[in-house]
Amino acid sequence: MQSLRKTTTWMIPSGMRIARMSAGEMGSGAGKGGGGGGSIRDAGGSFGKMEVAHEEEYFYKQRQEQLAKLKQKAINHEDFHSESIKHHEEAIARHKKAIEELKKH
């Protein structure tokens with residue numbers, strides 16, 4: 001169970017970044033893709049940079065929540081299968097005991 005918790009960190013590469021359409025520094029004005037980033041971004045300056053920072057924070061938190069849910073789901077699956085293995089081993093032991101009892105008679 002412990003090994004799965006350690007190996008789930010590789011699922012999303014740490015170098016993965018969101019593609020950006022802006023030319024130059026983020027939040028410095030409209031992007032080069034033809035569309036604007038909204039009135040605050042179009043104006044540029046510190047408000048545009050602040051807007052970019054808020055967006056980055058939002059998507060970072062969203063990715064972290066998704067990763068946490070994925071990890072928990074994997075751990076729950078492992079726990080379920082461990083319980084299933086335990087029940088199957090108990091059933092095998094019961095059946096072996098029953099077979100031994102039948103062989104005695």
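I started with Glu57, which counts as partly exposed at 40% relative accessibility. My scale for this: buried is under 20% relative accessible area, exposed is over 50%, and partly exposed is in between, with a 1.4 Å probe and protein chains only.

Ground rules, before I go on. This is a predicted model, where local features need pLDDT of at least 70 and side-chain atom pairs count only at pLDDT 80 or more, while totals for chains, interfaces and linings use all residues. Residues are numbered from 1 along each chain as its sequence is written, and side-chain values use heavy atoms, with hydrogens and water left out.

**Confidence.** I checked pLDDT, the predictor's confidence in each residue from 0 to 100. The protein's mean is 78, and 59% of its residues reach 70 or more. A note to myself: where pLDDT is low, the predicted coordinates should not be read in detail.

**Layout.** I found three helices and zero strands, in the order α-α-α along the sequence. Helices here are DSSP runs of H or I with at least four residues, strands are runs of E with at least two, and both are numbered from the N terminus.

**Length of H3.** Does its span agree or disagree with its residue count? It agrees: 60 residues at 1.5 Å a residue should span 88 Å, and the end C-alpha atoms of H3 are 89 Å apart. The expected span is 1.5 Å times one less than the number of residues.

**Burial.** Of the 105 residues, 10% count as buried. In H3 I listed Gly48, Val52, Ala74, Ile75, Glu78 and Ala91 as buried.

**Contacts.** I took a contact as heavy atoms within 4.5 Å. Among contacts with a separation of 6 or more, 39% are between residues 24 or more positions apart.

**Salt bridges.** How many does the structure hold? I got two, counting a side-chain nitrogen of Lys or Arg within 4 Å of a carboxyl oxygen of Asp or Glu. Back at Glu57, its partner is Lys61, with the closest N and O atoms 3.2 Å apart. Lys61 and Glu57 sit four residues apart in H3, about one turn of the helix. Lys61 is partly exposed as well, at 46%.

The other bridge joins the side chains of Lys104 and Glu101, at 4.0 Å from N to O. Lys104 and Glu101 are three residues apart, also in H3. Lys104 is exposed at 65%, whereas Glu101 is partly exposed at 37%. Why the spacing? An α-helix has 3.6 residues a turn, so residues three or four places apart point the same way.

**Rings.** I found one aromatic pair. Rings of Phe, Tyr and Trp (its six-membered ring) pair with centres within 6.5 Å; planes under 30 degrees apart are stacked, over 60 edge-to-face, and the rest tilted. Phe59 is partly exposed at 34%.
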